[in-house]
Amino acid sequence: PRLAAARYGKDNIRVYKVERDEATKTHTVYEMTVCVLLEGEIDVSYTKADNSVVVATDTMKNTTYIMAKQNPVHPPELFASILGTHFIQTYKHIHTAHISVMQHRWTRMTIDGKPHPHSFFRDGNEKRLVQADVIEGKGIEVKSGISDLLVLKSTGSQFHSFVRNDFTTLPEVYDRILSTSVDANWNWSTFSSLEAVKKSVAKFDETWSKVREITFRLFALEESPSVQNTMYKMCEQILAAQPLLQTVDYSLPNKHYFEIDLSWHHGLKNTGKDAEVYAPQSDPNGLIKCTVARD
Ligand SMILES: O=c1[nH]c(=O)c2nn[nH]c2[nH]1
């Protein structure tokens, strides 16, 4: 047998950083979970028990904290690129660094109508994601994303005219609840170096905001004929908004809410246009995926 592939590192490195503005006494906080996985001339550590090539995963954890201290941790695309570049520059036998960053939400509190200088709350389970693959001799491949952005609309969604046969029971519907948890990713054209990432640094927050805005607007405003069509339109608009993106992909679970027929209770109407009380379903759920390319 031969070692066909190998990468190793430290996962679930939790990092918090506070930036203190001395002039305004305002703090900004960031919290993220980092994964570092390295590739290179490391085979002998697997095949020959030769640890001379092993950068300990503990060292990677230490390095992550030091780099977070000495560099900006936001936007996460920049920090991931800095961290990955450090590894391939510092260890000549390491040729690829896979860095993933999951940024958690700390949204500033508004107290008496004013943004509070150092108080925040976790407004949702939504995460901002980055996967940066720093590849020696090639450049930096950056994939940005959001996950766990849970949305619901109480009408403005339909699903009909689908295949109907002797396996089909789903009724045609012209007015339904639509709920999903958005996992979206957008892939940047390869950056030639860390310098190129730094030149584009303003684009990362800008694009993340644009993706959220487009997702919310289309979700809310579209009379959705299906999850498929609405997510395709989101991807189209995101590609149009940022020329540096090559592909956009969405993965949307369909979180179903079933009508409850209560007519057995003295004829109580609660279906169709009279439906008000529904049974949210945890499973099974639809799962609709797509990748849209620019070309
Ligand atoms: O938007 C939808 N797409 C589908 O493919 C589907 N299948 N059942 N319900 C559905 N809703």
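## Around the ligand

A residue counts as near a molecule if one of its heavy atoms lies within 4 Å of it. In this predicted model, the residues around the ligand are Phe159, Leu170, Arg176, Ser226, Val227, Gln228, Asn254 and Ile288. Sorted by class, that shell holds 4 nonpolar, 3 polar and 1 charged residues; here Ala, Val, Leu, Ile, Met, Phe, Trp, Tyr, Cys and Pro count as nonpolar, Asp, Glu, Lys and Arg as charged, and the others, Gly among them, as polar.

Let's look at the polar contacts, meaning pairs of N or O atoms within 3.5 Å. Val227 places a backbone N or O atom 2.8 Å from an oxygen atom of the ligand. Gln228 has a polar side-chain atom 2.9 Å from a ligand oxygen atom, while for Asn254 a polar side-chain atom lies 3.3 Å from a ligand nitrogen atom. Taken alone, the ligand exposes 270 Å², and the protein buries 76% of that (areas by the Shrake-Rupley method with a 1.4 Å probe).

The ligand takes up the space of the largest pocket. A pocket is an open set of points on a 1 Å grid over the protein atoms alone, where a 1.4 Å probe fits, with protein on both sides within 12 Å along at least five of seven lines; a molecule sits in one if more than half of its atoms lie within 2 Å of its grid points.

## Aromatic pairs

Rings of Phe, Tyr and Trp (its six-membered ring) pair if their centres lie within 6.5 Å; planes under 30 degrees apart are stacked, over 60 edge-to-face and the rest tilted. The count by this rule is 5 aromatic pairs. Trp188 and Phe204 have ring centres 5.0 Å apart and planes at 75 degrees, so this pair is edge-to-face. The pair links distant parts of the chain, 16 residues apart: Trp188 is in strand β8 (residues 178-188) and Phe204 in helix α5 (residues 201-221). Helices (H or I, at least four residues) and strands (E, at least two) are DSSP runs, numbered from the N terminus.

## Backbone details

A cis peptide bond joins His74 to Pro75, with omega about -5 degrees; Pro75 is in the loop between α2 (57-70) and α3 (76-90). Asp283 and Pro284 are also joined by a cis peptide bond, with omega about -10 degrees.

## Notes on the model

Residues are numbered from 1 along each chain as its sequence is written, and side-chain values use heavy atoms, leaving out hydrogens and water. Local features need pLDDT of at least 70 and side-chain atom pairs count only at pLDDT 80 or more, whereas totals for chains, interfaces and linings use all residues.

Technical notes
Polar contact = N/O pair within 3.5 Å; in protein donor to acceptor, adjacent residues only side chain to side chain. 1 Å grid on protein atoms, 1.4 Å probe; cavity = no way out; pocket = protein on both sides within 12 Å on 5 of 7 lines; lining within 4 Å.
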